[in-house]
Amino acid sequence: MLRPANLGFSKSEQQIRYQWSKDEDLQYWSGNIPSARTFEEFQRMLPERDWPADGRRRSYAILDLSYCLIGMVSCYAIDSTLRTGELGVYIGDRNRWGHGSGTDAVATMLRHLFYDVEFRQVSLNTYASNTRAIRSYAKVGFERLGTRKRFRPSMGYYREVRMAIDRDRFAARF
């Protein structure tokens with residue numbers, strides 16, 4: 001289940017997200033979980049990070065059936081004219097890794113983007129070594145567009161996979 005981030009987060013949910021932001025593995029695999037030096041700074045930056053006024057990003061809390069926060073999914077680089085955006089997702093609750101929570105969240109997000117917001121296409125980038133994510137994206141219909149070599153000072157050189165899905169391809173699967 002997804003909850004729009006502009007509805008806010010309880011203090012305990014903010015603390016969970018802050019702890020996730022300090023997790024090196026999550027930072028590595030997600031590519032960019034928002035972080036800050038202090039919890040107070042983290043609280044201040046979340047609203048603009050999750051749901052900025054320019055409309056170029058929309059983030060959603062991923063909740064389990066008990067309404068507990070287990071991760072986040074976002075659409076960013078939103079182009080409202082072309083009706084496109086890029087997807088980012090992470091499951092912060094490690095107990096949920098490998099159980100389909102990410103795949104379910106991505107399918108739910110795509111359903112929202114394609115049917116409610118009327119997007120035409122959604123793309124994403126992930127590490128070529130992130131085989132679990134690549135399999136998950138393929139399950140909901142993402143197609144691999146290519147691979148390229150990238151560089152980040154914190155990691156050095158790495159391979160990045162570009163994937164995309166359009167509304168028609170998604171509709172044929174769901």
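At what angle do helix α1 and helix α3 pack, and how far apart are their axes? Before I answer, please keep in mind that what we have here is a predicted model. In this model α1, which covers residues 11-21, packs against α3, which covers residues 39-50, at an angle of about 95°, and the axes are 10 Å apart. Angles of 65 to 115 degrees count as roughly perpendicular, and the two helices α1 and α3 are therefore described as roughly perpendicular to each other.

Let me turn to the strands. Strand β6, residues 143-152, pairs with strand β7, residues 156-166, in the antiparallel sense over 9 bridges, and the two are joined by a hairpin of 3 residues. Within that pairing, R144 has M163 of β7 as its bridge partner.

V122 belongs to the largest nonpolar core, a set of 27 residues in which L87, L110, V122 and F142 have the most contacts. At least two residues of this core come from each of β2, β3, β4, α4, β5, α5 and β7, with α4 giving the most, namely 7 residues. Apart from this core lies another, of 10 residues, including W20, A61, L63 and Y90.

Key: Residues are numbered from 1 along each chain as its sequence is written. This is a predicted model: local features need pLDDT of at least 70, side-chain atom pairs count only at pLDDT 80 or more; totals for chains, interfaces and linings use all residues. Side-chain values use heavy atoms; hydrogens and water are left out. Axes are lines fitted to C-alpha atoms, for helices over the stretch in contact, and angles run from 0 to 180 degrees between N-to-C directions. Helices (H or I, at least four residues) and strands (E, at least two) are DSSP runs, numbered from the N terminus. Angles under 35 degrees count as roughly parallel, over 145 as roughly antiparallel, 65 to 115 as roughly perpendicular and the rest as oblique. Two strands pair if DSSP finds at least two bridges between them. A nonpolar core is a set of buried Ala, Val, Leu, Ile, Met, Phe, Trp, Tyr and Cys residues joined through side-chain atoms within 4.5 Å. Buried means under 20% relative accessible area, exposed over 50%, partly exposed in between (1.4 Å probe, protein chains only).
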